[in-house]
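Hi,

Here is the structure I said I would pass on to you. Have a look at it first, and then read my notes below.

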Amino acid sequence: MKPNHYAISYIDEFGDIQDASFTHNEYHNLMELLFDKYLQEWGDCKGRAWCGTCHIQIIAGHTSSKISDDEKHTLSKLDSSNANSRLACQIPINAELHQMAFKVISENDYGSYK
Ligand code: FES
């Protein structure tokens, strides 16, 4: 039987490791989850892949969600973007995310993950 509750970890904008949890069908995407429960001033374009404020990097795990042309274009404009970068608004929330880890990338980035 599949679990009803899922958990992810993320490194916040201050470099602290945080845990987040969600249930099946609770959110559409990772940006909604983190913005609703944990972060402020995120998601300026409301999930259209235009603003880049929901920039994250995957540090553990894998998502099969494909990168759209809009997401690719927005990521290409971000200085801190690398091969692990994604826009959280473009990552669907599903069981695949369980136990994945992310780093929130912000303009005031004090994170310690390299
Ligand atoms: S909310 Fe704007 S790019 Fe994700």
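Predicted model: local features only at pLDDT ≥ 70, side-chain atom pairs only at ≥ 80, totals over all residues.

The chain averages a pLDDT of 88, and 90% of the residues score at least 70. Confidence is highest in β4, at 97, and lowest in α1, at a mean of 87. Watch out for residues 108–114, where pLDDT stays under 50. The model has 13 contacts beyond four places in sequence for that stretch.

Now the overall layout. You'll find two helices and five strands in the chain, and from the N terminus on they come in the order β-β-α-β-α-β-β. The radius of gyration is 13 Å, close to the 13 Å that the globule rule gives for 114 residues, so the chain is as compact as a globular protein of that length. Buried residues make up 32% of the 114 residues. Take the contacts with a separation of 6 or more: 65% of them are between residues 24 or more positions apart.

Next, the sheet. In what order do the five strands sit in the open sheet? The order is β2-β1-β5-β3-β4, and the pairing is mixed. β2 and β4 are the edge strands, each pairing on one side only. On average, neighbouring strands of this sheet are turned by 40° against each other, direction ignored.

You can go through some of the pairs one at a time:

- β1 and β2 (residues 17–23) are antiparallel, with seven bridges. Isoleucine 8 stands opposite alanine 20 in β2. The two strands form a hairpin with five residues between them, and glycine 15 in the turn has a positive phi of about 85°.
- β3 (residues 55–60) and β4 (residues 85–87) are also antiparallel, over three bridges. Here isoleucine 56 has arginine 86 in β4 as its bridge partner.
- β3 and β5 run antiparallel too, joined by four bridges. Alanine 60 stands opposite alanine 101 in β5.

Last, the inside. In soluble globular proteins, nonpolar side chains tend to be buried together. In this model, the largest nonpolar core has 24 residues, and those touching the most other members are Leu30, Met31, Leu34, Cys54, Ala88 and Val104. β1 (5–11), α1 (30–37) and β5 (101–104) each supply at least two residues of this core. Which element gives the largest share? That is α1, with five residues.

Which residues is cysteine 54 in contact with, leaving aside its neighbours within four places in sequence? They are Met31, Trp42, Gly43, Leu87, Ala88 and Cys89. Met31 and Ala88 are also on the list of core residues that touch the most other members, as is cysteine 54 itself.

Cheers

Terms used
Residues numbered from 1 in each chain as written. Core = buried A, V, L, I, M, F, W, Y, C linked by C-beta atoms within 7 Å. Buried ≥ 20, exposed ≤ 12 C-beta atoms within 10 Å, placed from the backbone. Contact = placed C-beta atoms within 7 Å. Pairing = 2+ DSSP bridges. Axes fitted to C-alpha atoms, helices over the stretch in contact; angles between N-to-C directions. pLDDT = per-residue confidence, 0-100. Rg over C-alpha atoms; globule rule 2.2 N^0.38 Å.
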